[in-house]
Amino acid sequence: MSAQKPLIVKNGEAWPVEIIPLMPFDNFASAVLDEIAGGGRIVSMFAAPGNGARPVIYAALARDKSSDIAVLACQPGAQYRSLTPDAPQAHMFEREIYETWGIKPEGHPWLKPVRFPGKSGGRNVGVADFFRVEGEEVHEVAVGPVHAGVIEPGHFRFQCHGEKVFHLEISLGYQHRGVEASLSGGPDKTALARMETVAGDTTIGHATAYCQLVEGLMGVTAPDRGGAIRAMALEMERLANHTGDLGMLSQDIGYLPPSAFLGRLRGDFLNLTQVICGNRFGRGLVIPGGVRFGLDEKMTADVLGGLNKPGKEAMSAARLLWNKPSVLARFENTGTVSLKDCEALGLVGPTARACGADRDARRDHPVGAYASKPVTVANWGSGDVFARAMVRLLEMKNSLAYLTTLLNESPAGALTTPVGAIKPHHMAISLVEGWRGEICHAAITGPDGRFSCYKVADPSFHNWTGLAMALRGQEISDFPLCNKSFNLSYCGFDL
Amino acid sequence: MIKELLERLRQGHKTTAFPKESPQMPERFRGAPALSPEKCADGCDACSKACPNGAISLEGGLKVDLGRCIFCPDCSEACASGAIRYTVDFRLAVSKRENLTVGAGGISLAQPIQEELRQIFARSLKLRQVSAGGCNGCEAEIAATGNIIFDLGRFGIQVVASPRHADGLMVTGPGTANMKLALEKTYEATPGPKIVIAVGSCALSGGPFRNLPEQSNGVEGSLPVDLYIPGCPPHPLTILDGLLRLLGRLDD
């Protein structure tokens, strides 16, 4: 047991930075491992400028059962003993801290660049010591950064024996725009637009996480009506993306009718968001304090009506997939990730729920509408492409039902709460269950109430390694299908 | 097979009538700006101050740079006199960078490419898409132009897998330093004659990431652009309209 206990906070709260106990590294390490042993998981870990010359490393671990977040801090020197061998879920965070701050995790098994930020002394993008399998019949397949489809760039290396993949290594960073660094010294008037485009298909998710965070730092909360509209938009985003994903899975196995239907229906759901805020991706809707646009009675009826028909059509198009033995044969036992690996790597979102991990920030760390109206969480335990498709289907059903409830029982009142000044020397953490999984934003403010540090953890940051695990022992031709079943964000990772 | 056919009947025919008919966009859609500089109060710069991207200039009358505009409602909300508002007109694409700056006269929409190229590309245009820091918004809307609603394929336009098969590039994103080499190589690998289409605020000017050191403010100055499609992201109809104008396939 460590001498000092971590600070326990709730989602969306803010607290003075100085009340976080600054532990000696050994105590910090054992406290993090204790949290993980007790069912906790790392939602964010980052370094920030501390008092004096050395940066402080913060770790935030979610205790899902009690809706708590444990926050710990330490101030190591130029190096520390890596947590990764005991807690693999720390691996990417440690690599990132090393890349940004040069604080070396001694004993880290794969200390490679994360996003190649191109600083002096940094390596060129894609230049890394890739894992390599040697042998007469072993061959390597390298793909990207530019892929064949209309998708973002990334580099993949497969170590293969014939068709069989021993290992897939994923090297990203091509989309690195410097989002986090640009928030330091903020927020300024571009901050919200940058948050909306952290990952464009998760506009509502990231904008909500950001707004929840600054509201916490200001000591205000969005009003009930504003909170309900945020939840509506978040569920519409989930519905649209899951629908599109099932369509893409269908396309990747060459079964075109559901792919065409679901691709169109994705657009129908996006159009509902457009009715509310004028933009298919929800740009301009979520603002600090609440939301910018409301729904009157007529619009509520229009959206309810607009949801009903495509909702039914999406379910009946998806039924085609589940009624086809040849589809199920491609989905079942393809790209399986075990619950053990899922827990070790700290996977989140539908990917984790498809491995049987029962976690969903909407239920476990609820704020706004989710606190007063609980959501149903979808689960499926087989960990394969089938499970990831199934969880999406179940979540589409749940989102349709939840949206209908929200639209029918939408609370009256103001759309926004007046916002004030951001408190100086405070820290806050905000969790939102986006359609791809848990989004975590964390920030620390300086003496002037401006961000001294802003940290974004997109669900993709946790989950890309899950895709690599899914490919082990798989045939290389299964890659597109496995990749689509995760559908991870490149720019959300690269930031 | 019978289940697929029944489902096909249930789902029905959905392709938009565009370009024969112009679809009605929802009331809150923010398309082409309508500017009334005569309504501007003397010395008022509320819109320009509110704009997150420096898209508005007031020198010589109110103007909006659609290359920088991210179509957020900040300026129209800040304007007390109604001098700046956004209409539901989704037609935004232009042929020249300077035409992106719009004043009271509205937008000079894109003109067809020179006749020689139009002859080659008008009935069959294959494009390779390169995402250089795009947030996946523009990429998703480009992909959506291929779905059965917008059905880009019916005009002979197709997004292809390799630059070697392509007649041109569709570039999205602000052009990150880490994508610089890949973008240049993709452009070089595309056989001539070729065209370049810049899609979305990021590709046009860097968008919300303008002037951050990790990117190069879009394609400005690096590639010769034949069509600029504004938006954050542009609506699929905005993209479709732009492509058809480029190929001289729209009457108006």
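Guide: Gladly. This is a predicted model. Start where the chains meet: 58 residues of chain A are in contact with 59 residues of chain B.

Visitor: How is the size of an interface given?

Guide: Often as the accessible area lost when the parts come together. Here chain A and chain B bury about 4,600 Å² between them. Carbon and sulfur atoms hold 55% of it. In chain A, Val150(A), Arg177(A) and Arg264(A) lose the most area to chain B. Together they make up 15% of what that side buries.

Visitor: How many salt bridges are there between chain A and chain B?

Guide: Four. One joins the side chains of Arg280(A) and Glu141(B), at 2.8 Å from N to O.

Visitor: Which helix gives the largest share of the side of chain A that touches chain B?

Guide: H7(A), with 11 residues. That side divides into 26 nonpolar, 18 polar and 14 charged residues.

Visitor: Now inside chain A. What does Glu180(A) form a salt bridge with?

Guide: Lys455(A), with the closest N and O atoms 2.5 Å apart. Glu180(A) lies in helix H3 and Lys455(A) in strand S16, so the pair ties together parts 275 residues apart in sequence.

Visitor: Are Glu180(A) and Lys455(A) buried or exposed?

Guide: Both are buried.

Visitor: What about Arg362(A) and Glu235(A)?

Guide: Their side chains meet in a salt bridge, 3.1 Å from N to O. Arg362(A) sits in helix H12 and Glu235(A) in helix H6, 127 residues apart. Glu235(A) counts as buried because its relative accessibility is 1%, under the 20% cut-off. Salt bridges that share partners join this pair into one network with others, including Arg238(A) and Asp360(A).

Key:
Residues numbered from 1 in each chain as written. Chains lettered and ligands numbered in written order. Predicted model: local features only at pLDDT ≥ 70, side-chain atom pairs only at ≥ 80, totals over all residues. Heavy atoms only, no water. Contact = heavy atoms within 4.5 Å. Buried area = accessible area lost by both parts, 1.4 Å probe. Helix = DSSP H or I, 4+ residues; strand = E, 2+ residues; numbered from the N terminus. Nonpolar A, V, L, I, M, F, W, Y, C, P; charged D, E, K, R; others polar. Buried < 20%, exposed > 50% of the residue type's maximum accessible area, 1.4 Å probe, protein only.
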